[in-house]
Structures are given as C-alpha cells and as structure tokens.
Amino acid sequence: MNLNYSDEQNMLREQVLKFCETNYDFIDREKILESDSGFSKDNWQQFAELGWLAVPFKEENGGFNFGPVELTVLFEEFGKALVVEPYLSSVVMSGTIIENSNHKNKSSIIEKIISGEHQISVAYAEPNIGYKFFDCYASTSVNNNILSLNGTKSLVLNAGNASQFIVLAKHDGLSALIMIDAEVDGLSIQSFKTIDGQTCGELTFENVSIDTDSIIASGVDAEALFNKMMDLSILCISAEAVGAMNASYMKTVQYTKEREQFSQPISNFQVLQHRMVDMFIETELTKSLLIKATLQLDSNDPNAENTISALKVQVGKAGRLIGQNAVQLHGGMGVSNEMSIGHYLKRFTAIDSMFGNTQYHINKYQTNQ
Amino acid sequence: MVGPVIYTFGTQEQKDRFLPDILNFDTWWCQGYSEPGSGSDLASLKTKAVLDGDQYIVNGSKTWTTLAQNADWIFCLVRTETTQKKQEGISFLLIDMNTPGIEVKPIITIDGDHEVNSVFFTDVKVPADQLIGEEGKGWTYAKFLLAHERFGIAGVPVVKVQIDRLKNLTAEYNDADLNRKIAELEIDLEALEFTELRTLAAIAEGGHPGAESSILKIRGTEIQQRLTELYVEAAGQYILPYEGPDGFESNRTPSGPEYASPSVAQYLNYRKTSIYGGSNEIQKNIIAKAILGV
Ligand SMILES: Cc1cc2nc3c(=O)[nH]c(=O)nc-3n(C[C@H](O)[C@H](O)[C@H](O)COP(=O)(O)OP(=O)(O)OC[C@H]3O[C@@H](n4cnc5c(N)ncnc54)[C@H](O)[C@@H]3O)c2cc1C
C-alpha cells in the first residue's frame, strides 16, 4: 500500500500552507468575518490565479483533472487556518453537480467558476425535513403552461454571494436539480452569519418561472448525482476537520508549555499530558479513516459510501473531544473569542451538523451493513 | 456567593451594611479572584493592597470577572503581605465598583456574548472597614466561599427544568437515540441530586460544604455540558445560523426549530463551567488530596 503523496500533491500542500501563513492569520481572518460578504474577494482571486478553483474539474472543462486526494490536501490546509472562503459550496458542491449533469452550457459555467467570476451554491436543506433532503417540499408546478418553482430552501451556504443556485426540488413527483439565477423574479434571499463565522441564507421561491433546460438532472440520476456530491463534500469537510484537529492539538501543546501555574509549565501535569495524547490519537485515527475514504472514493469502490459514514462519525466524535479539550486546557483563554482555539471548536460543531450529524451517520452505517 | 462569607466572618456592622441589600437584590456583586497570571494557582495572586492610615491602596488587575460591567461591588482577594507561604499574605476586601481608579474592560466569549471582563485597579482607595475578618486570613474565607460556589454551580434544579424543556421540544421527533441519551442523563442527575442531598444533610447537622462539593461541581458541570450537547444534537444542522447573543433582527427568522440557535450559543458558553469555580482538573486534585489522601 503506497500512501505517499506525489510531488505534485506535496507542492500543492506547500502552496496552500504558504498562502495561509502569509494571508490568513487570526487578525486577517477576523477582518474577513466582519466584512459584508463574509469572504475575501482578493483571496478568491488568488485562489483562481493559483489554479485552486480548477482542481477538481476535468481537463476538457479547463480543470486539472485532480481528484479526491488533491481536494483533501487543500482542505486539510484550509482547516488548519480556518479558511472561510466558499470553496466547498462553490467548487466542490456546485462543481461536482454541474460537471456531471446534462447542462448544455456546463463548460462555460465551469469556466466562470474556475476564473473566480461566479460563485454558485447548492440549495438542498429545508426548514422541516432534517437530513432527509429528498423528502423536500420545494416543487415545480405548471400554471397556464408556465413551469414554476415554489418553496423554501434553508442553510444555503454563501447564498448572499451566489450568482446562481442549484436547487433540489420535486419535479413531476421526482427529485430534480434545477439551476436558477439569483436575480430571478420571485426569489428572495435572507442572509445570516453562521456559528463558525461563515454565511448562509434562506431562499424563498414564489412562482419562480423556469424553463425545462434549467432542470440539469432528474429522477434517480439527480439523486445519484446529489449523493455523489454529498460524499465528496463530507470527504472535504472531514479533511478540513483533520487539519483543524492537527492545529488544535499542536496549539494546545504549545500553550501548555508556555502557560505557567504553580511555578511550572502546566504541560508538566500528567493529566493534561494524557489529555493531549488523546487529542493526538484521535487526530491520527481520523486521518486514517480520511485516507481510507479518499482512496475508496478515488477508485469508485462500492464500500465508499459506508466508509464516508464511518468517517463522518469519527470526525464528529473526535472533533468534539479535541475541540472541547483544546478549550479546556486553555482555561479561561479557551473561551475567549480573541483566541483562535475556540474558533476551531465552533468549526467542529458546524462540521458535525452538516450533511448528517454523528448520530445520523451511525444509523446510516448500521442500516447499510 | 459573598453572602455566606459576610454572615460567617463579617463584623456586625458589615452584616448590617451589606446583607439586607444582598437579600433584596439591591446590590450586585462580582468576584475578583482570578488574575491573568493566577487562575488555577489562585494563591499566587499579585493584586496588592497597602494599608495607608484607615484605607487600603489597591493596585493590580483581575480577569474573567463575571458581570463586572453591571456590578455595584466587587469582593477581591488582594495581597497585603509578601510571605514565604503564598496563601498567608492574602486578604479579603469589599470594594465599591464606583471607586475612582477602577476600570472595566469587556472580554467577549466564543458565543459572542459579553459576560466577563478585565478589571484594572490603579491606586484605588478602599476604607479599611471593608476588610473581611483578619488581614492575611483571606485565603480561609476564599476557600470557604469557593466551597459554597461549587455547591451552587452543580445547578441540579436548572438542569431538571432544561431536561424537561428538551423533552417537550423534541417529543414529536420520536427519536429513540435522543430519548435514550436523555434518559441516561436523567439517571446521572438522580445520582447527583441525591449526593447533593447527602451533603446538605451533613451541613444541616452543622458541617460545612468541603471537598465533597468538588464532586457536585465536577459531575454537575459534566451533566450541564452533556445537556447542551443534546440540545445541539437535536437541533441538527439548524444550529448553523447564528448572529450573536442578541439573536436575529426581529423581521428575520432563520429556519428550523426556534431553539436551535440559542442551543449552540449555550453549548459554546457552557464550556466555561468545567473551567470556572476552579477547573474540574483542580477539583479532582482537591479530592485526591483532601479525601483520598494521595
Ligand atoms: C466564563 C468564566 C467566568 C469566570 N468568572 C469569574 C469570576 O467572576 N471571578 C473570578 O475570579 N474568576 C472567574 N473566572 C476564572 C476562573 O476561575 C479561571 O478561569 C479558572 O480558575 C482557571 O484559571 P485559568 O483560566 O487561568 O486557567 P489555567 O489555570 O491556566 O489552567 C489551564 C488548564 O490547566 C489545568 N491545570 C492547571 N493547573 C493544574 C494542575 N495542577 N493539575 C492539572 N491541571 C491543571 C486547568 O485545569 C486548565 O485545564 C471565570 C472564568 C470563566 C471562563
């Protein structure tokens, strides 16, 4: 089993690491969080120039034809610096769906994603359906020969900045993925900050007229495509979590070596040493499942779906343990918003809640066995 | 918190002066124990009080002071003497927050709220009759207060109410996993509650809450934190939108259940409970030393 990264992959990691070191310290990040858009347009442009926005796309669409391995490399580094730019929603989620859909203009849409010109978000959650995304109420109907969409979509990542949405809705009683312009009549958007400093929005569709071309996948194809997108997204935020875990335990080790109480560094206390060892062990175990899931997704292994659930559970549990202990070992400083350590806990909490939380994936894993 | 110290160690004059207002909720007190360099090792505190005629001159800083921004008074541990044994030079002073030379600066916590503060003292003049008990005996009073504080932190009644609330909020989910976790929590709470009653019974017979209150503090805060986790779990993905402790503007409601957003704030906020009042690690050190004798 060769688990070494290629030179190209190592270079990508170095590049992201360097970018985050120079552009993404705590203060830089705070400024981004406070901005209206909730992300940095300059950073996004740099992502485009560095080619990062092209990572997962096929060569024929102007991409690098990289796969899950490269995405996890990127996300691990993002996780260390708690990067908030909407890479997940715009590149991974929307990109996966568009590239694998039957959209007639997909090359030109992907071109605009790669150039950083457009951000697109997937609208899948709703107020009352929990994680059962296919049981949605948003649906199309025909009135006076006009096809229109009605319903509400929730928690749409980066909604305020998206120029287009891919909406999961019912069409003829079946799941469909429908591409809709953000500016279209009948669509209203409320934007919110999220607990971890990102943004999301609530979309309300009132008789939004659509043409059949905008239905880019339907029926079992739409659901398969959506599931593919979910698996890859879970993989990416899990990689992000691994990066955040790494940073959390390393920052905690550093802090306990520097903080003195009882006339000695608190890292001398064995109970804290063991706690940090636990954090380290959980990070390594999570990394293992991440690599396993990455390789399975990369090779279209039929077990990938189950491994993804296992990974999501491990990420949820380990993220909680590591995030909480990192805060605990920082004492009061841990709950101060001025320290990065609490922001990792927030990101772990958000990551656990997305695409099915720990309990959801325990149950899914059990059912699939 | 300060009430028991005043009625146990205060002069008659101090009791008459402070207790009625405390009972009527007319004055609010904050706790000036922790300092930037002295958290778990509280006895290493450095805020200095020097007796000058009939008043103390106080210099130094306190931190993590809960609700200092609203407090009328602060009870402070100060160093009145530099002694060989660090516990010995500590005194317990009551200070009016309106005294010139006191500056309060907010510390924002990870839930975005302003609950704690830094408090700075520059040549603050405190009448000597606001000293509790004897000079240099402050550590004894401080520990006495901490035992009472830990007792309070256990929070059994509040947890009961919050468990019931969670059950009501989630009844319609029929979520077997969630219900099982709630039941487990209730069982732990029963054990804690009866432990508290045993301690109370001992106090009724003339005892004082001692190292046993550390049991209540540890398990009480663990239960509280687990409860906040269950709220978050129940709310699922709807915890994501959060616009700060003041909630959402009135004309905007995020999706999902209404309890979702406050739940995640509470979860983050309650990380404090295993840190304050003496961290849970310190409580275990106390039990190891005072009860197990190791
Ligand atoms: C929200 C909040 C409100 C507070 N309100 C008040 C208040 O009103 N008034 C007040 O005076 N204080 C208050 N505090 C302060 C609180 O009491 C301290 O934070 C606490 O005593 C821990 O001190 P520290 O933060 O300096 O952490 P540190 O002492 O630096 O501890 C860091 C970590 O090391 C561990 N540790 C330290 N020593 C040991 C040891 N010997 N063995 C094993 N582990 C050890 C701790 O358990 C902790 O995990 C508050 C704190 C918070 C978070």
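Modeller: Let's begin with B:Arg180, which is partly exposed, as its relative accessible area is 41% (buried means under 20%, exposed over 50%, and partly exposed in between, with a 1.4 Å probe and protein chains only). Please keep in mind that this is a predicted model, in which local features need pLDDT of at least 70 and side-chain atom pairs count only at pLDDT 80 or more, while totals for chains, interfaces and linings use all residues. Residues are numbered from 1 along each chain as written, chains are lettered from A and ligands numbered from 1 in the order written, and side-chain values use heavy atoms, without hydrogens and water.

The partner of B:Arg180 is B:Glu184: their side chains meet in a salt bridge, with N and O 3.2 Å apart (a side-chain nitrogen of Lys or Arg within 4 Å of a carboxyl oxygen of Asp or Glu). Both residues sit in helix α5 of chain B, residues 176-204, and because they are four residues apart there, about one helical turn separates them (helices, H or I with at least four residues, and strands, E with at least two, are DSSP runs numbered from the N terminus). B:Glu184 has a relative accessibility of 39%, so B:Glu184 counts as partly exposed.

You can find a second pair in another helix of chain B. The side chains of B:Arg219 and B:Glu222 form a salt bridge with an N to O distance of 2.9 Å. Here the two residues are three places apart in helix α6 (residues 212-235) of chain B, which again puts about one helical turn between them. B:Arg219 is partly exposed, at 36% relative accessibility, and B:Glu222 is partly exposed too, at 27%.

Now let's cross to chain A for a pair of another kind. A:Lys104 and A:Asp213 are joined through their side chains by a salt bridge of 2.7 Å, N to O. This pair links distant parts of the chain, 109 residues apart: A:Lys104 is in the loop between α5 (87-99) and α6 (106-114) of chain A, and A:Asp213 is in the loop between β7 (199-209) and β8 (215-218) of chain A. A:Lys104 is exposed, with a relative accessible area of 61%, whereas A:Asp213, at 44%, is partly exposed.

Chain A also has a salt-bridge network, which links A:Arg13, A:Glu76, A:Glu77 and A:Lys80. Let's stop at one member, A:Glu76, which lies in helix α4 (residues 68-81) of chain A. A:Glu76 is buried, as its relative accessible area is 6%. Leaving out residues up to four places away in sequence, A:Glu76 touches A:Tyr5, A:Arg13, A:Ala239, A:Glu240, A:Val242, A:Gly243 and A:Leu290 (contact means heavy atoms within 4.5 Å).

A:Thr72 belongs to helix α4 of chain A as well, and with 3% relative accessible area A:Thr72 is buried. With residues up to four places away in sequence again left out, A:Thr72 touches A:Leu235, A:Ala239, A:Leu290 and A:Thr294.

Next comes the place where the chains meet. There, 43 residues of chain B are in contact with 47 residues of chain A. Together the two chains bury about 3,700 Å², with 57% of that on carbon and sulfur atoms (buried area is the accessible area, 1.4 Å probe, that two parts lose on being put together, summed over both). B:Ile110, B:Gln237 and B:Leu240 supply 20% of the area that chain B buries against chain A, more than any other three residues.

A:Arg320 pairs with B:Glu229 in a salt bridge, their closest N and O atoms being 3.1 Å apart. On the side of chain B that touches chain A, the elements giving two or more residues are β6 (102-108), α5, α6, α7 (260-269) and α8 (280-290) of chain B.

Eight of its ten residues are buried, so α7(B) is largely enclosed by the rest of the structure. Among those buried residues are B:Ala260, B:Val264, B:Tyr267 and B:Leu268. The buried residues of α7(B) pack against α9 (304-329) and α10 (341-353) of chain A, together with β7 (114-127) and α6 of chain B. For the whole picture, the structure holds 22 salt bridges over all chains.
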